[in-house]
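Here is a short briefing to read with the model open beside you. Have a look at the fold, then follow the points below.

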Amino acid sequence: MQIRSLPFTTSRRWMLRALCGAAALQAPLAALAGFNFFTSEYTATRDELQAQIAKRFPVAERYAEIFMVGLRDPQLGLDARGNRAAITATLTIASPLLAASPVQGVVSVSSALRYDAAARALRLDHPKAERLELQGVQGRDAERLQQVGAVVAQELLQGQVLRSFTAEELTVGRKTYEIGDITVQDDGIKVQLK
């Protein structure tokens, strides 16, 4: 077996081309920061999800033509053990029937997650009000307003988008990925790419 060495200038050119090629390959993957196509998963960080949620608030809805319930200043919580996301938001209930209107408070809602393939969006699914505290209201009025606030908060958050994907994000070369299993982690949400 005979080993032949390349001239210095040829090997230097080859090395330069190899480095440029490696940089070009990594450029598209760097643009897709949370995507890991080698392990077939995408991880959305808590900060990324918080920024997406904040864009969709404030939200409000009329209830029974008497109450106007609004949510603002959402804060995302992640429950890895329960595989659920949570939204804690400032709640406002206004009504001409209330002496002290509007009533302010805080509501915490936890939710399962689902992927909406038609919209390419990760959404809240079946949210449930876990905690609701109102300021300045006592007794039976507080109980009724808590029920109203809980029902409307759940309705407002049902189907709320946590992260949407573009077709370009889910396409690499000729392969277009779909979203599979969704796993809530302490610092983000991981989805399987299939």
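**A hairpin to start from**

β3 and β4 form a hairpin with three residues between them, and A64 in that turn has a positive phi of about 55°. Strands (E, at least two residues) and helices (H or I, at least four residues) are DSSP runs, numbered from the N terminus. Two strands count as paired if DSSP finds at least two bridges between them.

This is a predicted model, in which local features need pLDDT of at least 70, side-chain atom pairs count only at pLDDT 80 or more, and totals for chains, interfaces and linings use all residues. Residues are numbered from 1 along each chain as its sequence is written, and side-chain values use heavy atoms, with hydrogens and water left out.

**The sheet**

- β3 and β4 (residues 67-79) run antiparallel and are joined by five bridges.
- Across this pair, R62 stands opposite M68 in β4, while A60 stands opposite G70 in β4.

- α3 has 19 residues and reaches 27 Å from its first C-alpha to its last, close to the 27 Å expected at 1.5 Å a residue; the expected span is 1.5 Å times one less than the number of residues.
- Buried residues of α3 include A142, L145, V148 and L156, where buried means under 20% relative accessible area (1.4 Å probe, protein chains only).
- The buried residues of α3 pack against β3, β4, β5, β6 and β7.
- Just after α3, G159 takes a positive phi of about 80°.

**The whole chain**

- The protein chain has three helices and twelve strands.
- Of its 194 residues, 38% count as buried.
- Among contacts between residues at least 6 apart in sequence, 55% join residues at least 24 apart.

Terms used:
Buried < 20%, exposed > 50% of the residue type's maximum accessible area, 1.4 Å probe, protein only. Contact = heavy atoms within 4.5 Å.
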